Amino acid sequence: MKIAVDAMGGDYAPSAVVDGSVQAARDGISLILVGDGKKVEAELSRHRTKNLPISVRHSSEVVGMDESPAQSIRSKKDSSIRVCFDLVKRGEAGAVVSAGNSGAAMAAGMFVLKKLKGVDRPAIAVCVPTMKGPAVILDVGGNVDCKPIHLAQFAIMGDVYARYALKKERPRVGLLSNGEEEGKGNELTRLTHELLKKTSLNYAGYIEGKDVYGGTIDVIVTDGFVGNVVLKLSEGLVEAVVRMLKKEIMESVSAKIGYLLAKGAFRNLKKKLDYAEYGGAPLLGIDGACMISHGASSARAIKNAIVMAAGYLNAGVNDRLIEELEKNGDMEKVAVRQLV
């Protein structure tokens, strides 16, 4: 199945998007590049694309990063991101990859493709590096205000993604809170905790912020407000540590020598912490597939997002999501009782 790529989305579009797409096409992934036809073709002309499975679909509009997501999706029907989702809706593509306005991508997913059966709110899931391989955090910005049933659904979707896309045999699921004790948290986390204990998940209970990167938890569940703060704090911390380290190395001869000796280790660490390694964040819960990439995505990040999208389709993640949500349907009744 072809992947529809938003060629006009991102800080470095269309150049970086086309470069990454060509790299993915060389690995045999079929693509439809959606955007300003002349600009996209001009970028493609810089590469040897003969016999590569790439086609171009012209769109006359672009959704800006500062535009209202819902309004832009409705008013700009020929925008590159809207056309991508329309291609999936019509069955001409299997998934969307976009580094553009993430809110618009989520709005298009819900407005054009609709939600999967059993999903109240789709969630953006991000893979993060840990001491024991990648883990999933969700939601990281799609849903700022949540109810317990939403977080419980996030947990189920994150579990399925970890199992079938990240190949985790029995993922451990943790609920992010301000402490591990039963009495900790706010009303949202306490009620969600009670719901998750009644699911078929491998639920480990509350976890603290310090546990996110430890590797003992594979799926970290939280609302979009907290999740986005965690994500942005992590990005900022990595950048700050790298700058501090460079400063320390440059101010000492012995440190420069030590850096040369440990250069390989530093390179490997940088690679593990680089968001480009994961490429995109899946939008879980829509009746289709979408990878939302960082706005500053490089060509490598775009390529990896496309590879992730292809893997998502091959793993049949959406079918698994529906099965697991149905299996845990009783938690809906519990959630209703909580409100009484």
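What follows is a short chat about a predicted model of one protein chain.

Me: What does the secondary structure of the protein chain come to?
Reply: The model is predicted, and its protein chain has 13 helices and eleven strands.

Me: How does the radius of gyration sit against the globule rule?
Reply: The radius of gyration is 21 Å, close to the 20 Å that the rule gives for 340 residues, so the chain is as compact as a globular protein of that length.

Me: And what box do the C-alpha atoms fill?
Reply: Roughly 60 × 60 × 35 Å, along the principal axes.

Me: How much of the chain is buried?
Reply: Buried residues, meaning those under 20% relative accessible area, make up 50% of the 340 residues.

Me: What about the accessible surface, how much of it belongs to carbon and sulfur atoms?
Reply: 54% of about 16300 Å².

Me: Changing topic, how far apart are the mean positions of the positive and negative charges?
Reply: They are 4 Å apart, counting 46 positive and 40 negative charges.

Me: Now helix 11. Where is it, and what does it reach?
Reply: Helix 11 covers residues 299-314, which is 16 residues. From first C-alpha to last it reaches 23 Å, close to the expected 22 Å.

Me: Which residues of helix 11 are buried?
Reply: Ala-299, Ala-301, Ile-302, Asn-304, Ala-305, Ile-306, Met-308, Ala-309, Ala-310 and Tyr-312.

Me: What comes just after helix 11?
Reply: Gly-316, which takes a positive phi of about 60°.

Me: Last one: of contacts between residues at least 6 apart in sequence, how many join residues at least 24 apart?
Reply: In this protein chain, 72% of them do.

How values were computed
Residues numbered from 1 in each chain as written. Predicted model: local features only at pLDDT ≥ 70, side-chain atom pairs only at ≥ 80, totals over all residues. Heavy atoms only, no water. Helix = DSSP H or I, 4+ residues; strand = E, 2+ residues; numbered from the N terminus. Rg over C-alpha atoms; globule rule 2.2 N^0.38 Å. Buried < 20%, exposed > 50% of the residue type's maximum accessible area, 1.4 Å probe, protein only. Contact = heavy atoms within 4.5 Å. Areas by Shrake-Rupley, 256 points an atom, 1.4 Å probe, with all protein chains shown as cover. Lys, Arg positive; Asp, Glu negative; His and termini not counted. Charge placed at Lys NZ, Arg CZ, Asp CG, Glu CD. Expected span 1.5 Å × (residues − 1).
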